[in-house]
Amino acid sequence: MGPVSAKSYPARRPSPKGERPHLAPDYGRRGNVWVFGGFEPHTGIAFTQVADKRDTQNFIAFLDALVAQWPEGEIILILDNLSTHGTLDVRLWALAHERVRFLFQPVYTPWVNLIEPWWKTLRKLALKGRRFKTVADVTDAIRAGTNYWNAHRHPYKWRKSCLLYTSDAADE
């Protein structure tokens with residue numbers, strides 16, 4: 001998720017009927033961070049790590065932390081097509097970690113990745129309705145939002161119906 005800037009994240013607030021809410025524009029420019037995340041749908045456990053850049057070294061550091069978070073069993077990571085996810089260093093890392101498997105989602109299909117709805121939840125928990133003066137404040141809010149989620153977690157239930165086209169269905 002990112003970039004997440006140190007700025008104001010407005011929330012919907014009621015305003016007197018017929019009036020628009022007053023909000024001074026705030027474009028940030030106080031720095032931004034990137035959030036790497038892992039999500040286990042069966043238990044609802046989320047794991048996030050904040051980095052100053054979205055590069056190979058930070059992604060590999062995230063992968064190392066993710067493997068430490070879930071020390072047992074197979075880990076299947078659904079990745080989008082970010083260039084960082086397919087670099088040589090990341091592929092070599094994957095070869096060294098046999099229990100980790102990468103599945104790359106098709107281009108322009110964010111609904112395939114179950115972490116996408118959780119990013120929306122994290123934005124609501126950590127950012128919405130708040131103003132951040134520094135990147136450290138944003139980082140603290142993201143950690144607090146993740147910790148809150150994990151304390152109140154629940155299994156993720158897939159709610160999108162998937163219509164599969166088969167030749168048998170076309171014959172009927």
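1. Start with Tyr108. Tyr108 lies in the loop between E6 and H3. The model is predicted. In it, the phi of Tyr108 is near 60 degrees, a positive value in a residue other than glycine. Is Tyr108 buried or exposed? Its relative accessibility is 75%, so Tyr108 counts as exposed.

2. Next, the helix that follows this loop. H3 covers residues 115–127, a run of 13 residues. At 1.5 Å a residue, H3 should span 18 Å. The C-alpha atoms at its ends are 17 Å apart, which agrees.

3. Which residues of H3 are buried? They are Ile115, Trp118, Trp119, Leu122, Ala126 and Leu127. These residues cover an arc of only 125 degrees around the axis, which puts them on the same side of H3. The face turned away from the buried side of H3 carries Lys120 and Lys124, both exposed. Just after H3 comes Gly129, with a positive phi of about 80 degrees.

4. Now the open sheet. It has 3 strands, in the order E1-E3-E4, and the pairing is antiparallel. E1 (4–5) and E4 (45–51) are the edge strands, each pairing on one side only. E3 spans residues 32–40 and pairs with E1 over 2 bridges. Across that pairing, Ser5 stands opposite Asn32 in E3.

5. Two helices pack on this sheet. H3 touches E1, E3 and E4, and its direction makes about 125 degrees with that of E3. H4 (residues 135–151) also touches E1, E3 and E4. The direction of H4 makes about 170 degrees with that of E4.

6. Two residues of H4 deserve a look. One is Gly145, placed in H4. Gly145 has a relative accessible area of 4%, so it is buried. What does Gly145 touch, not counting residues up to four places away in sequence? It touches Leu122, Leu125 and Ala126. Of these, Leu122 and Ala126 are listed among the buried residues of H3. Gly145 and Leu127 are 18 residues apart in sequence, yet their C-alpha atoms are 8.5 Å apart in space.

7. The other is Thr146, also in H4. With 5% relative accessibility, Thr146 counts as buried, because the cut-off is under 20%. Neighbours within four places in sequence aside, Thr146 is in contact with Ala46, Thr48, Trp118 and Leu122. Residues 45–51 make up E4, and Trp118 and Leu122 are buried residues of H3.

8. Last, a second pair of strands. E5 (residues 75–79) and E6 (residues 100–104) pair in the parallel sense over 5 bridges. Ile75 stands opposite Val100 in E6. H2 covers residues 88–96, and E5, H2 and E6 make a right-handed β-α-β unit.

9. Which residues of E5 form the covered face, and which the uncovered one? Ile75, Leu77 and Leu79 are on the covered face. Ile76 and Ile78 are on the uncovered face. In general, side chains in a regular strand alternate between the two faces of the sheet.

Conventions:
Residues are numbered from 1 along each chain as its sequence is written. This is a predicted model: local features need pLDDT of at least 70, side-chain atom pairs count only at pLDDT 80 or more; totals for chains, interfaces and linings use all residues. Side-chain values use heavy atoms; hydrogens and water are left out. Buried means under 20% relative accessible area, exposed over 50%, partly exposed in between (1.4 Å probe, protein chains only). Helices (H or I, at least four residues) and strands (E, at least two) are DSSP runs, numbered from the N terminus. Two strands pair if DSSP finds at least two bridges between them. A crossover is right-handed if, with the strands pointing away from the viewer, the path from the first strand over the helix to the second runs clockwise. The expected span of a helix is 1.5 Å times one less than its number of residues. The arc is that of the directions from the helix axis to the C-beta atoms. Contact means heavy atoms within 4.5 Å. Axes are lines fitted to C-alpha atoms, for helices over the stretch in contact, and angles run from 0 to 180 degrees between N-to-C directions.
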